[in-house]
Amino acid sequence: MALSLLPLLGLLSTILLPYAAAAAVPSFREAPAFCNGAACSSHVVHVMMPLDTNYIRGTMAAVLSVLQHSTCPENVTFHFLSVHLNVEISSLINSTFPFHAFKMYRFDPGRVSGKISKSVRHALDQPLNYARIYMADILPASVKRVIYLDSDIIVVDDISKLWGVDLEGKVLAAPEYCHANFTSYFTEAFWSDRMLAGVFEGKRACYFNTGVMVVDVERWRRGGYRRKVEEWMEVQKHKRIYHLGSLPPILLVFAGNIKGVEHRWNQHGLGGFTRGQSVCCIGAAWLRLDSRRPCSVDYLWAPYDLYRSSRVALEE
Ligand SMILES: *[C@@H]1O[C@H](CO)[C@@H](O)[C@H](O)[C@H]1NC(C)=O
Ligand SMILES: *[C@@H]1O[C@H](CO)[C@@H](O)[C@H](O)[C@H]1NC(C)=O
Ligand SMILES: *[C@@H]1O[C@H](CO)[C@@H](O)[C@H](O)[C@H]1NC(C)=O
């Protein structure tokens, strides 16, 4: 079951190829205006997503999918975290969604440099992959709750249903996978150290994926959770306690102490995909579609693809 993470990893590692090398600027179709239904006045949903030039096609599809299925799309605020506050990318988003306002924040990669130890997948060592740990510090104080979404997802239900989850005093809500082999996310060195492994003692710790999370930002800030995650990253630097990137230190802090939400909110794209499921974590769907070797989940993703073409920029 650890395999359920694979689509995500696959995306991260393969997606760096298409635009990065050529500095091609993609162009997107303009999305229509999405208007509120009745009774939306008090409605608000904050969504935070990482924004990386190399994943922009996924981001556009994700945003479209959220808006299209929202009852109150005008009240969904997207907050993007980006290493470079790239004007070209902001205007690309603005022109693709001319009827929607977005907020951009710079994520300073210096915050994690020196804290990232090499993982088994180079792509997971990208600083932006750690940005979710810092979102409570970056978001304005007025934001009390946020839904974090990776850029490789589409949402096929009203996101306000996820937004409305009762956290029951927990800091974080996500789908839990208690049948996944939790042991495999940490090394032998971790499990054989009684002090370290003791962190899970007396808890029913289950794997959860950090690609879809509802976070109580205030509780996160008050509890100093960023620091707690960073402390595990420091342990990792001295003693290899896990193989992957930003996920395990978050599991170390939260596993066994989150609010579980329905699995339909994070359907991994590893086959067996059927209609009616709500969120789908998918691999590099567009690479498979472009090479005319789609798999079944790609047909679900394709309707949200606003991509038109790329032109190679003359200058970088
Ligand atoms: C939701 O959007 C409507 C516009 O349709 C706006 O009047 C209202 O103030 C918004 N609500 C919040 C809480 O932002
Ligand atoms: C894009 O739109 C946002 C408001 O949604 C605005 O703050 C920002 O300046 C715009 N960026 C560009 C490059 O036009
Ligand atoms: C779980 O993973 C560990 C470490 O990778 C392995 O030794 C163990 O056999 C696995 N357990 C099951 C039930 O698959």
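Student: Let's start with the ligands. Which residues are around ligand 1?
Tutor: Asn-36, Cys-40, Ser-41, Ser-42, His-43, Glu-74 and Asn-75. A residue makes that list if one of its heavy atoms lies within 4 Å of the molecule.

Student: Before we go on, where do these numbers come from?
Tutor: This is a predicted model: local features need pLDDT of at least 70, side-chain atom pairs count only at pLDDT 80 or more, and totals for chains, interfaces and linings use all residues. Residues are numbered from 1 along each chain as its sequence is written, chains are lettered from A and ligands numbered from 1 in the order in which they are written, and side-chain values use heavy atoms, with hydrogens and water left out.

Student: Okay. What lies 2.8 Å from an oxygen atom of ligand 1?
Tutor: A polar side-chain atom of Asn-36. That is a polar contact, meaning a pair of N or O atoms within 3.5 Å; within protein, one must be able to donate a hydrogen and the other to accept it, and residues adjacent in sequence count only if both atoms are side-chain atoms.

Student: And what about Ser-41 and Asn-75?
Tutor: Ser-41 uses a polar backbone atom, 2.6 Å from a nitrogen atom of ligand 1. Asn-75 uses an N or O atom in its side chain, 2.5 Å from an oxygen atom of the ligand.

Student: Which residues surround ligand 2?
Tutor: Val-87, Ser-90, Ser-91, Asn-94, Ala-101 and Phe-102. A side-chain N or O atom of Asn-94 is 2.4 Å from an oxygen atom of ligand 2. A polar backbone atom of Phe-102 is 2.8 Å from an oxygen atom of this ligand.

Student: New topic. What is the strand order in the open sheet?
Tutor: β4-β3-β2-β5-β10-β7-β11, seven strands with mixed pairing. Strands here are DSSP runs (E, at least two residues), helices are runs of H or I with at least four, and both are numbered from the N terminus. Two strands pair if DSSP finds at least two bridges between them.

Student: Which strands stand at the edges?
Tutor: β4 (102-106) and β11 (259-260). Each has a single partner strand, so one side of each is left without a neighbour in the sheet.

Student: Tell me about β2. How many of its residues are buried?
Tutor: Six of six, across residues 45-50. Buried means under 20% relative accessible area, exposed over 50%, and partly exposed in between (1.4 Å probe, protein chains only). Val-45, Val-47 and Met-49 point one way, while His-46, Met-48 and Pro-50 point the other.

Student: What does β2 pair with?
Tutor: With β3 (residues 76-82), in the parallel sense, over six bridges. Met-48 has His-79 as its bridge partner there. The chain gets from β2 to β3 through helix α3 (residues 56-69), and this β-α-β crossover is right-handed. Right-handed means that, with the strands pointing away from the viewer, the path from the first strand over the helix to the second runs clockwise.

Student: Why is His-46 called buried?
Tutor: Because its relative accessible area is 14%. Its side chain makes a polar contact of 2.9 Å with the side chain of His-79.

Student: And His-243, what does its 33% count as?
Tutor: Partly exposed. His-243 is in the loop between α10 (225-238) and α11.

Student: Which residues touch the most other members of the largest nonpolar core?
Tutor: Leu-172 and Phe-254, out of 53 residues. Such a core is a set of buried Ala, Val, Leu, Ile, Met, Phe, Trp, Tyr and Cys residues joined through side-chain atoms within 4.5 Å. Helix α11 (residues 247-254) gives the largest share, six residues.

Student: Why is α11 said to be largely enclosed?
Tutor: Because eight of its eight residues are buried. What covers them includes β7 (172-174), α7 (188-191) and α10, where contact means heavy atoms within 4.5 Å.

Student: What follows α11?
Tutor: Gly-256, with a positive phi near 90 degrees.
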